[in-house]
Amino acid sequence: MRSVFSIQKKQRLFTQTAALLSLVSLQAPTHTSAFAPASFLLPSVVTPLFLSTAATMPETLQVVQLPCLNDNYGYLLHDATTGATAAVDTPEAGPYQAELRARGWTLTHIFNTHHHWDHTGGNLELKSSEVSIYGPATETIPGIDRPLRGDDEFEFGGSKVQVIDVGGHTKGHIAYYFPDERKVFVGDSLFALGCGKMFEGTPEQFWGSLKRLRSLPDDTMVYCAHEYTQSNAKFAQRVEPGNAELLERVKEIAAQRARGEPTVPSLLGLEKRTNPFLRCDVSDELRANVGVREGDSDAEAFAKVRRAKDTFRG
Ligand SMILES: [Zn+2]
């Protein structure tokens with residue numbers, strides 16, 4: 001009798017576990033990558049449904065990360081409820097067209113972050129009467145329908161989107177922040193362990209932009225537009241070798257790249273603690289290593305970190 005009871009108990013446990021796993025799998029694909037293993041899925045998206053409350057409703061916004069050109073990332077955002085589908089930047093049309101076809105999605109929006117060709121090059125090929133192109137008001141964006149400025153807000157599917165002015169890499173650069181989903185699409189303003197080159201803006205402008213990004217919650221996922229992390233890591237390590245968490249991160253990045261995995265997106269909290277460009281005003285070691293003097297403003301400190309990176313030959 002005891003063994004029968006034991007088998008029944010095991011079967012019941014198995015059934016409960018299988019049910020739980022099927023619930024988890026309903027939520028798992030909220031972030032998928034064309035080349036990421038399952039471990040790349042974020043822990044935050046696999047909360048079992050039965051633990052969800054009104055405050056932690058299942059996410060409906062799916063993000064697909066697309067490698068484009070040599071080292072760009074494009075993103076497809078899909079709102080499962082309304083079917084709204086957006087490309088964040090368009091380095092080239094081909095990977096988007098293939099992904100849209102494979103998933104049976106129809107593109108409805110393009111969100112451009114700035115005017116560089118490797119962010120807008122696919123705009124006109126992807127544009128149709130169903131596609132509305134959003135982009136910075138002060139830059140030349142092919143096919144633009146909706147010019148945006150910092151602090152503008154709009155709805156995408158069921159999500160609220162806030163526009164953040166992140167000028168500096170280019171003067172009119174904007175980021176798209178989804179506050180409820182804790183995701184920010186930053187283009188070339190902020191990279192994992194780095195930031196974009198200052199092609200058009202001033203140090204004051206760029207530093208102000210980085211501070212705006214830094215003010216977002218630590219659990220915000222940062223989706224940047226290039227896989228530059230490993231080379232950024234060499235510079236970060238050189239200017240702040242005493243940062244133990246940075247050294248740990250550098251090791252993890254090397255392991256991820258060795259496995260052929262992306263290092264993007266990354267958690268903003270981790271960037272705050274390890275990215276030298278977000279630490280110009282907080283790390284004495286970093287400031288000393290790039291020659292920040294007493295009396296330098298924080299923007300001047302940023303300019304010195306940026307200059308040191310521009311001339312760094314790792
Ligand atoms: Zn750029």
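Reader: Where does Pro 265 lie in the chain's secondary structure?

Author: In this predicted model, Pro 265 belongs to the loop that joins helix H7 (244-258) to strand E15 (266-267). The peptide bond leading from Val 264 into Pro 265 is cis, and its omega is near 5°.

Reader: Why is Phe 111 called buried?

Author: A residue counts as buried if 20 or more other C-beta atoms lie within 10 Å of its own. Phe 111 has 26 other C-beta atoms within 10 Å, and therefore it is buried. Phe 111 is part of strand E5 (residues 109-111).

Reader: Which residues is Phe 111 in contact with, leaving aside its neighbours within four places in sequence?

Author: With those neighbours set aside, the contacts of Phe 111 are Ala 86, Val 88, Tyr 134, Tyr 176 and Phe 185. As for Tyr 75, 36 residues apart from Phe 111 along the chain, the two C-alpha atoms are separated by 9.8 Å.

Reader: What makes Asp 89 count as buried?

Author: The cut-off is 20 or more other C-beta atoms within 10 Å. Asp 89 has 27 C-beta neighbours inside 10 Å, so it counts as buried. Asp 89 sits in the loop between strand E4 (85-88) and helix H2 (94-103), and its phi is positive, near 65°, in a residue other than glycine.

Reader: Why does Leu 69 count as partly exposed?

Author: Partly exposed residues fall between the exposed limit of 12 or fewer and the buried limit of 20 or more. Leu 69 has 14 C-beta neighbours inside 10 Å and therefore counts as partly exposed. Leu 69 is located in the loop between strand E2 (61-68) and strand E3 (72-79). Although Leu 69 is not a glycine, its phi is positive, about 50°.

Conventions:
Residues numbered from 1 in each chain as written. Predicted model: local features only at pLDDT ≥ 70, side-chain atom pairs only at ≥ 80, totals over all residues. Helix = DSSP H or I, 4+ residues; strand = E, 2+ residues; numbered from the N terminus. Contact = placed C-beta atoms within 7 Å.
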